[in-house]
Amino acid sequence: MRILAIIFGFLFLMAIAGVAGVAGIFWYYGQDLPDYTQLEDYEPEVMTRVHAADGALIAEYAREKRVFVPITAIPHKVIDAFVAAEDKNFWTHPGIDFASVLRAAVTNVVNLGTGRRPVGASTITQQVAKNFLLTNEVSYERKIKEAILSFRIERAFSKEHILELYLNEIYLGSGSYGVAAAALRYFDKSLDELNIEEAAYLGALPKAPSNYDPVRNHDEAKARRNWVIGRMLEENYITEAEAQQAWAAPLIGKTRESVDTYQADFFAEEVRRQLVDLYGEGMLYDGGLSVRSTVDPRMQTVADKALFEGLVDYDRRHGWRGPITTIDLSGDWQQKLREVETPADIPWDKAVVLSTDASEAVLGFSSGDQGRIPLRFLTWARPWKKGQTLGPTVNKPSDVINAGDVVYVKHFAELDGEKLPPNTYGLRQIPNVNGGLVAMDPHTGRVLAMSGGFSHDLSKFNRATQARRQPGSSFKPFVYLAALDEGFTPSTLVLDAPFVIDQGRGLGKWKPGNYTGKFYGPSTLRLGIEKSRNLMTVRLAQTIGMPIVADYAERFGIVDDMPEVLSMSLGAAETTVMRLTAAYAEIVNGGKKITPTLIDRIQDRRGKVIYRRDERDCAECQNVVFRNQMPPELPDNREQLTDPASAFQMVHIMEGVIQRGTGRSIADLGYPLAGKTGTTNDSRDAWFVGFSPDLAVGVYVGFDDNRSLGDHEQGASAAAPIWKEFMRGALAGTKAIPFRTPPGIRMVRVEARTGLPARPGDQDVIWEAFKPGTIPASNDNVIDGGDNGTTGLDGGTTGNSGSVPGPGGIY
């Protein structure tokens with residue numbers, strides 16, 4: 001008995017000493033540990049995601065690709081997969097799983113000398129302690145600190161909170177942090193869409209995500225996934241039948257390319273800039289914002305295609321500027337071709353010319369395949385000459401390209417219904433002209449599509465929002481709108497005759513002219529817009545006064561501070577495609593003020609709405625069960641910029657631009673459309689801006705260095721075709737509805753030339769819109785612009801108009 005007492009006493013003392021030793025170690029290493037209480041309000045760095053109007057992803061901004069999901073929103077199957085694979089006793093241990101530690105220790109002793117990697121026993125809580133509060137240093141000291149912090153974390157927080165931290169922070173490979181980002185990366189699914197085998201695959205990743213890529217390491221990844229399924233079965237998280245079904249399921253992961261975002265590069269970049277302005281870069285890249293943008297993916301695709309092809313068409317009219325580069329065909333020319341860098345967003349193939357003969361050029365591709373360009377596909381490529389003119393005609397392929405030239409080519413299987421021989425290509429080149437396109441909802445200002453140039457890879461400069469250019473005659477509708485508000489009618493006659501202003505001592509005379517160089521005498525306001533008459537516009541602006549014209553330019557948001565000089569009436573004040581398109585939208589919507597917007601709504605990482613485009617209150621919209629009732633009516637608090645009747649008259653006049661005027665090439669689309677061309681002095685800028693009843697669209701084409709587009713280029717030739725092709729695609733499948741007529745407007749049949757009510761036998765008869773009491777009985781009064789005593793028809797002046805040197809040939 002005494003011996004037993006001595007033994008038990010010794011063991012008791014040793015236990016006390018052990019406890020004291022452990023306590024001492026814990027006290028020593030627990031002195032300067034990180035503050036674990038910060039985990040209470042920890043917010044991980046979460047990526048901001050920008051979505052299109054239909055929910056399609058268009059951009060992600062992050063330092064670490066992570067989507068934060070609260071534990072209450074994480075499906076049980078995902079939680080179960082990670083607990084089964086990583087820490088089966090998570091729900092019961094105090095932070096350290098002593099049984100697992102002992103088992104790991106025994107295993108490591110047994111494996112001594114075998115070269116096998118030591119087995120670990122870290123719990124999920126320990127991983128949280130390490131990932132959030134400690135370093136990855138491999139040492140006993142760090143493991144002790146990790147254990148101490150794990151005990152403290154378990155006492156301070158619930159198991160659910162610990163899991164929330166873990167599942168949102170853990171790195172799961174391919175740039176994905178947290179389970180939500182990994183679900184999107186590997187399966188292009190949200191967490192609630194995952195099935196058991198997919199949840200099990202995510203649970204397989206923490207040990208070594210790079211070793212279990214579902215594409216590169218498929219067999220290893222599937223084996224690890226199946227092991228996790230087995231663990232879930234052992235822990236009774238799933239049934240035998242569910243396990244068998246999950247084991248049998250194939251592992252089909254997505255490649256990085258297959259889950260790329262929808263391409264709307266210029267639009268997404270503009271959204272990014274706005275988010276930085278609103279919240280700063282920290283919130284953008286770490287704040288986990290969810291942004292619902294206004295872009296319509298289908299319409300954006302149509303816009304990109306229309307602008308791309310329109311710029312190419314313009315460029316082809318002005319000749320061939322030469323190959324991308326030239327390489328030596330001796331040696332490994334395929335590798336040399338691969339090394340030629342080209343923009344990623346150009347949908348053409350890169351090839352090298354291997355040889356030419358009298359009828360075709362032979363192409364080589366980096367894959368080793370070959371193709372051909374027939375001579376007839378090269379005849380457009382006459383040499384480019386200064387001033388956008390063309391050199392001699394092409395008689396043989398070597399007049400254009402030669403062996404070693406690296407060029408862009410486009411494959412053609414058929415052309416105009418003709419089936420072509422295999423491997424037939426056409427020659428292409430990147431245009432050096434550029435442009436921008438904006439499409440918006442005219443009632444709300446929501447930007448539905450925006451293209452800022454030919455290639456975002458080549459240039460990030462957004463010509464839809466950043467390029468300030470003269471709008472030329474596309475500004476004229478606002479001069480005429482001001483006149484309509486001042487009491488003029490579409491039938492008012494304005495003199496189309498020479499107009500000369502003395503600009504002051506030593507400055508010479510300003511002599512604006514029509515594009516045709518002709519004078520047409522008294523003509524109706526309608527004809528002034530339809531035919532884009534400069535002289536009529538100047539006289540009209542002179543009559544109503546430039547202060548009024550400047551006020552309209554400013555109230556419609558075209559410019560902020562327009563100089564009150566006559567040259568501005570011809571579109572000499574610089575603006576952007578976005579601003580001018582919004583101004584046109586304010587005409588077709590009845591004169592209501594709108595603000596162009598690219599963002600509908602922004603939510604923070606927890607789903608709280610922190611920004612909403614439409615700030616109107618709607619008590620009847622809250623907690624409503626939809627039973628096919630009419631939607632609630634919201635107050636219309638938009639500012640009224642002009643008389644709705646005047647706005648409709650302007651819309652109706654601009655319909656004539658497409659039916660009979662400078663935009664008549666668009667008329668065959670068969671929809672009610674209205675718009676206006678614009679071309680500036682020396683053809684430096686080409687515009688077409690217009691609308692259907694529910695879609696406003698602006699197109700600009702020009703060189704970034706502001707040189708001429710060429711003597712014969714104008715808005716009707718360079719911009720209108722792009723506008724037409726966009727409208728063709730955007731309106732496809734929709735019903736043709738007429739423009740909405742406001743109360744009080746009376747439609748009258750008039751003789752087009754005089755604007756007077758039509759009489760029996762009149763041939764050129766159109767419908768005209770009049771306000772009450774303004775239908776003309778006669779048309780004797782002609783506006784000559786001389787009311788202010790500033791100009792005479794013979795070129796003499798009786799005063800100084802204050803004009804500055806103007807654009808002259810704007811039309």
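**View 1. Strands β12 and β15 of the predicted model pair in the antiparallel sense over four bridges.** β15 covers residues 425-428. Within this pair, His 411 has Tyr 425 in β15 as its bridge partner. β12 spans residues 405-411 and is mostly covered, with five of its seven residues buried. β12 also runs antiparallel to strand β7 (residues 349-356), to which four bridges join it. One of the bridge partners here is Tyr 408 in β12, which stands against Lys 350. A further antiparallel pairing, over two bridges, links β12 with strand β6 (residues 325-326). There, Asp 405 in β12 is the bridge partner of Thr 326.

**View 2. Five strands form an open antiparallel sheet in the order β17-β16-β26-β25-β24.** The edges are taken by β17 (447-451) and β24 (674-679); each has a single partner strand, so one side of each is left without a neighbour in the sheet. On average, and with direction ignored, neighbouring strands of this sheet are turned by 5° against each other. Strand β16 (residues 434-440) and strand β26 (residues 695-702) run antiparallel and are joined by seven bridges. In this pair, Leu 437 has Val 699 in β26 as its bridge partner. Helix α12 packs on the sheet and touches β16, β17 and β26. The direction of α12 makes about 30° with that of β17. Helix α20 also packs on the sheet, where it touches β16, β24, β25 (685-692) and β26. Its direction makes about 30° with that of β25.

**View 3. Helices α12 (residues 297-316) and α20 (residues 715-730) cross at roughly 155°.** Their axes come within 9 Å. The two helices are therefore roughly antiparallel to each other, and their crossing is right-handed. On the α12 side, the contact consists of Arg 298, Met 299, Val 302, Ala 303, Ala 306, Leu 307, Gly 310 and Leu 311. These residues meet Ile 722, Glu 725, Phe 726, Gly 729 and Ala 730 in α20. By class, the contact has nine nonpolar, two polar and two charged residues.

**View 4. An open sheet of three strands has the order β21-β18-β29, with mixed pairing.** β21 (521-524) and β29 (782-783) stand at the edges with a single partner strand each, so one side of each has no neighbour in the sheet. Strand β18 (residues 493-496) pairs with β21 in the antiparallel sense over four bridges. Leu 493 stands opposite Thr 524 in β21. Helix α16 (residues 534-544) packs on this sheet and touches β18, β21 and β29. The direction of α16 makes about 120° with that of β18.

**View 5. Arg 49 lies in strand β1 (residues 48-51).** Its relative accessible area is 14%, so Arg 49 is buried, the cut-off being under 20%. Leaving aside residues up to four places away in sequence, Arg 49 touches Leu 57, Ala 59, Glu 60, Val 67, Leu 184, Leu 289, Ser 290 and Val 291. Ala 59 is 10 residues from Arg 49 in sequence, and their C-alpha atoms are 5.9 Å apart.

**View 6. Helix α2 (residues 76-86) is largely enclosed by the rest of the structure.** Nine of the 11 residues of α2 are buried, which is why the helix is described in this way. The buried residues are Val 78, Ile 79, Asp 80, Ala 81, Phe 82, Val 83, Ala 84, Ala 85 and Glu 86.

Terms used
Residues are numbered from 1 along each chain as its sequence is written. This is a predicted model: local features need pLDDT of at least 70, side-chain atom pairs count only at pLDDT 80 or more; totals for chains, interfaces and linings use all residues. Side-chain values use heavy atoms; hydrogens and water are left out. Buried means under 20% relative accessible area, exposed over 50%, partly exposed in between (1.4 Å probe, protein chains only). Two strands pair if DSSP finds at least two bridges between them. Axes are lines fitted to C-alpha atoms, for helices over the stretch in contact, and angles run from 0 to 180 degrees between N-to-C directions. Angles under 35 degrees count as roughly parallel, over 145 as roughly antiparallel, 65 to 115 as roughly perpendicular and the rest as oblique. A crossing is left-handed if the near helix is turned anticlockwise from the far one by less than a right angle, and right-handed if clockwise. Contact means heavy atoms within 4.5 Å. Ala, Val, Leu, Ile, Met, Phe, Trp, Tyr, Cys and Pro count as nonpolar, Asp, Glu, Lys and Arg as charged, and the others, Gly among them, as polar.
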